[in-house]
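I opened the model to look up its sheet, its aromatic pairs and a few single residues. My notes follow in the order of looking.

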Amino acid sequence: MTPSLNNETLIDLNDDLAEAGDTPSQTVSVRVSNRRDVASHQSVPRDGLIRFVVGPDGFVVPDLKETLPGRGLWLKADADSLALAIKKNLFSRAAKRAVKTPEGLDSLVPALIRKRLLDQLGLARREGNLVTGFEKVATALKLGKTAPHAAGRAAWLIEASDGAEDGRSKLLNLSNGQTPSVGLCGLFSNDELSLALGLENVIHAALIEGRRAAAFSREAERLGGFEALFPAQWRERPFNSN
């Protein structure tokens with residue numbers, strides 16, 4: 001019988017960055033190594049891929065943390081590639097052995113990435129690399145306009161999916177047109193953000209530039225292949241302060 005997958009039994013979602021000394025001022029380490037995508041057979045930068053391994057029971061397992069033992073089977077991080085790999089059993093071809101695909105793999109992978117994003121936000125808050133509340137977020141965004149390379153600049157604007165349009169639009173206006181650009185995430189509800197951060201009523205948050213933001217960016221890029229990071233209409237009517 002094909003097993004169903006769940007977040008708890010498959011993968012250790014502990015942080016994959018060293019927490020000691022992790023500050024916004026540290027240099028971000030960028031990995032440039034490539035891996036062969038099992039779907040396209042092309043060499044692709046690993047940050048745009050998801051690693052899978054074959055478990056002892058012969059089932060393929062997503063290894064988002066890239067620490068599980070065994071030969072890595074790398075797949076481009078998007079829904080079409082995963083659907084193709086499942087349909088044509090590309091994991092077996094790449095592994096050169098019989099590999100079974102668990103039921104629900106196509107929905108589990110993005111769910112795991114979403115969980116990792118929330119974990120990154122929780123770690124950022126404990127480290128002091130995330131601010132919440134309209135005024136603090138606005139200050140971090142304004143810093144990016146006046147001093148784009150200063151410590152404390154917002155790298156990501158995190159908005160609750162069920163927050164009010166007025167406050168969100170004002171912060172979007174501050175984030176627009178900055179260089180480097182400010183990422184936008186509207187994946188999570190007020191309840192999800194509040195639980196992940198251990199706070200009450202989280203509507204607005206800003207992830208400060210640094211190593212934690214770089215880790216969040218990698219996960220967000222991977223999730224972007226499966227779902228939009230924010231509703232398209234959020235960019236249609238930016239707040240005009242004039």
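Which strands form the open sheet, and in what order? I read 4 strands in the order β6-β9-β7-β8, with mixed pairing. I take strands (E, at least two residues) and helices (H or I, at least four) as DSSP runs numbered from the N terminus, and two strands pair if DSSP finds at least two bridges between them.

Before going on, I noted that this is a predicted model, in which local features need pLDDT of at least 70 and side-chain atom pairs pLDDT 80 or more, while totals for chains, interfaces and linings use all residues. Residues are numbered from 1 along each chain as its sequence is written, and side-chain values use heavy atoms, with hydrogens and water left out.

I looked up the edges and found β6 (130-132) and β8 (183-185), each pairing on one side only. The twist averages 20° from one strand to the next; axes are lines fitted to C-alpha atoms, for helices over the stretch in contact, and angles run from 0 to 180 degrees between N-to-C directions.

I then followed β7. It pairs with β8 in the parallel sense over 3 bridges, and with β9 in the antiparallel sense over 5 bridges. Leu 157 has Leu 184 in β8 as its bridge partner, and Ala 154 stands opposite Ile 208 in β9. I found 6 of the 6 residues of β7 buried, where buried means under 20% relative accessible area, exposed over 50% and partly exposed in between (1.4 Å probe, protein chains only).

**Entry: helices on the sheet**

β7, helix α6 (residues 165-175) and β8 make a right-handed β-α-β unit. Right-handed here means that, with the strands pointing away from the viewer, the path from the first strand over the helix to the second runs clockwise.

I also checked α8, which lies across β7, β8 and β9 and runs at about 55° to β7.

**Entry: aromatic pairs**

How many aromatic pairs does the structure hold? I count 2. Rings of Phe, Tyr and Trp (its six-membered ring) pair if their centres lie within 6.5 Å; planes under 30 degrees apart count as stacked, over 60 as edge-to-face and the rest as tilted.

Why is the pair of Phe 52 and Phe 91 called tilted? Their ring centres are 4.9 Å apart and the planes stand at 50°, so the pair is tilted. Phe 52 is in strand β3 (residues 49-54) and Phe 91 in helix α3 (residues 90-95), so the pair ties together parts 39 residues apart in sequence. I find Phe 52 buried at a relative accessible area of 1% and Phe 91 buried at 0%.

Trp 156 and Phe 216 form an edge-to-face pair, 5.0 Å centre to centre with 70° between the planes. Trp 156 belongs to strand β7 (residues 154-159) and Phe 216 to helix α8 (residues 211-223), so this pair ties together parts 60 residues apart in sequence. Trp 156 is buried at 9%, and Phe 216 is buried at 0%. In the sheet, Trp 156 stands opposite Gly 183 in β8.

Is Glu 66 buried or exposed? Glu 66 is buried, with a relative accessible area of 15%, in the loop between β4 (60-62) and β5 (73-76). I found its side chain in a polar contact with the side chain of Arg 46 at 2.5 Å. A polar contact is a pair of N or O atoms within 3.5 Å; within protein, one must be able to donate a hydrogen and the other to accept it, and residues adjacent in sequence count only if both atoms are side-chain atoms.

Asp 119 lies in helix α4 (residues 105-127) and is partly exposed at 23%. Asp 119 and Leu 197 are 78 residues apart in sequence and 8.7 Å apart in space, C-alpha to C-alpha.

How values were computed:
Contact means heavy atoms within 4.5 Å.
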